[in-house]
Amino acid sequence: MRILVTGGAGFIGSHLCEALLKESHQITCLDNFDDFYDPSIKQLNIQNCLHYSTFELVKIDILDSAALEHLFSLKSFDMVIHLAAKAGVRPSIANPQIYQKVNIEGTTNLLEAIRKHSIKKLILASSSSVYGNNKKIPYSETDNVDNAISPYAATKKACEILAYTYHHLFQIETFCLRFFTVYGPRQRPEMAIHYFTRNIDKGEPINVFGDGKTYRDYTYIDDIIQGILGCVYNLRGYEIINLGESETTSLIDLVSFIELAIEKKAKINWLPMQAGDVEKTFADIRKAESLISYSPGTSIKIGIQNFIEWYKQRNANW
């Protein structure tokens with residue numbers, strides 16, 4: 001298939017592009033290489049992809065509707081996998097306008113290009129953050145998600161609704177994937193596991209918010225990619241699907257796992273719980289198991305070990 005991957009040079013996107021290339025798909029990777037973090041990291045992410053003749057990189061911002069229209073008029077796509085977004089819960093509280101603009105307006109621009117060019121298959125990245133502080137555990141796709149507690153989460157729910165609207169009006173087969181705290185090699189540098197690892201390795205303090213008893217469903221990148229590939233081959237109708245590990249780990253246990261893997265002790269700077277942070281995430285993955293044969297299998301201890309190995313190797317080669 002000819003597949004457009006937006007945000008394809010990012011953490012999840014670069015792994016996905018590699019996986020799709022290995023399965024002989026033709027991949028166009030769209031990324032704007034913004035400065036949310038060092039753009040050279042994204043260049044490193046896609047180095048392996050550049051060796052494939054079936055891979056093309058285009059530097060386009062999804063806010064540039066004219067550039068999107070030009071791309072879609074030049075190339076034919078069988079499917080779009082939309083990962084591009086302004087990411088991060090805490091930064092969205094400080095600057096909600098840019099999150100609304102990039103995530104909602106940018107997604108609308110992309111949906112319009114898909115509509116105009118009669119593309120009938122879309123996979124859209126959503127987030128477990130849409131569940132807010134849901135009291136029902138584990139989180140199911142049928143749960144009410146009307147109580148977002150960050151602008152980022154609100155924009156992700158809005159994107160799901162927009163995607164449904166275009167599915168209903170224009171018969172675009174659409175899966176919206178709610179990712180649960182994805183980690184692994186190439187994880188963004190500001191995310192907790194990467195940040196904790198870097199500071200512990202350097203002997204610098206780490207900021208831990210709350211009492212260390214918040215819980216996350218940490219999901220290893222290989223399991224997420226397996227889930228997305230399952231959607232690629234089983235895409236039909238409109239569905240919202242959780243992709244998580246369906247296990248929870250406390251924040252303080254996470255720090256301990258990193259300490260063991262890197263063989264250094266953390267210096268912890270305890271801080272109050274931050275606005276926008278949820279108390280717990282926990283994915284009900286029965287729908288994913290049924291629809292796309294999703295079967296995550298990487299424990300947090302093994303995943304952390306894999307991440308630390310990558311971290312050490314990357315720093316050795318930097």
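What follows is a series of stops, each with something to select.

**Before starting**

This is a predicted model, in which local features need pLDDT of at least 70 and side-chain atom pairs count only at pLDDT 80 or more, while totals for chains, interfaces and linings use all residues. Residues are numbered from 1 along each chain as its sequence is written, and side-chain values use heavy atoms, with hydrogens and water left out. Helices (H or I, at least four residues) and strands (E, at least two) are DSSP runs, numbered from the N terminus.

**Stop 1: helices H1 and H8**

Select residues 11-22, which are helix H1, and residues 221-234, which are helix H8. Their axes come within 10 Å and cross at roughly 60°. Axes here are lines fitted to C-alpha atoms, for helices over the stretch in contact, and angles run from 0 to 180 degrees between N-to-C directions. H1 is therefore oblique to H8. On this scale, angles under 35 degrees count as roughly parallel, over 145 as roughly antiparallel, 65 to 115 as roughly perpendicular, and the rest as oblique. H1 and H8 cross in a right-handed way; a crossing is right-handed if the near helix is turned clockwise from the far one by less than a right angle, and left-handed if anticlockwise.

Now show the side chains in the contact (heavy atoms within 4.5 Å). From H1 come Phe 11, Ile 12, His 15, Leu 16, Ala 19 and Leu 20. They meet Ile 221, Ile 224, Ile 225, Ile 228, Leu 229 and Val 232 of H8. By class, the residues of this contact are eleven nonpolar, one polar and no charged. Nonpolar covers Ala, Val, Leu, Ile, Met, Phe, Trp, Tyr, Cys and Pro; charged covers Asp, Glu, Lys and Arg; the others, Gly among them, are polar.

**Stop 2: helices H3 and H5**

Next select residues 65-74 for helix H3 and residues 96-116 for helix H5. The axes of H3 and H5 come within 10 Å, crossing at roughly 30°, and the two helices are therefore roughly parallel to each other. H3 passes H5 in a right-handed crossing. On the H3 side the contact is made by Ser 65, Leu 68, Glu 69 and Phe 72, and on the H5 side by Asn 109, Leu 110, Ala 113, Ile 114 and Lys 116. Five residues of this contact are nonpolar, two polar and two charged.

**Stop 3**

The whole structure has 17 salt bridges (a side-chain nitrogen of Lys or Arg within 4 Å of a carboxyl oxygen of Asp or Glu).

An α-helix has 3.6 residues a turn, so residues three or four places apart point the same way.

Then select Glu 56 and Lys 75, a salt bridge whose closest N and O atoms are 3.0 Å apart. Glu 56 is in strand S3 (residues 55-59) and Lys 75 in the loop between H3 and strand S4 (79-82), so the pair ties together parts 19 residues apart in sequence. Glu 56 is partly exposed, with a relative accessible area of 33%, and Lys 75 is partly exposed at 28%. Buried means under 20% relative accessible area, exposed over 50%, and partly exposed in between (1.4 Å probe, protein chains only).

For another salt bridge, go to Lys 287 and Glu 239, at 2.8 Å, N to O. Lys 287 lies in helix H10 (residues 286-292) and Glu 239 in strand S11 (residues 238-243), so this pair ties together parts 48 residues apart in sequence.

**Stop 4: backbone details**

Select Ile 137 and Pro 138, which are joined by a cis peptide bond with omega of about -5°. Pro 138 is in the loop between strand S5 (121-127) and helix H6 (151-170).

Move on to Gln 171, in the loop between H6 and strand S6 (173-179). Its phi is positive, near 55°, in a residue other than glycine. Thr 181, also not a glycine, has a positive phi of about 35° and is in the loop between S6 and strand S7 (182-183).

**Stop 5: helix H7**

Finish at residues 192-202, helix H7. Which residues of H7 are buried? They are Ile 193, His 194, Tyr 195, Phe 196, Thr 197, Asn 199 and Ile 200. Just after H7, Gly 203 has a positive phi of about 75°.
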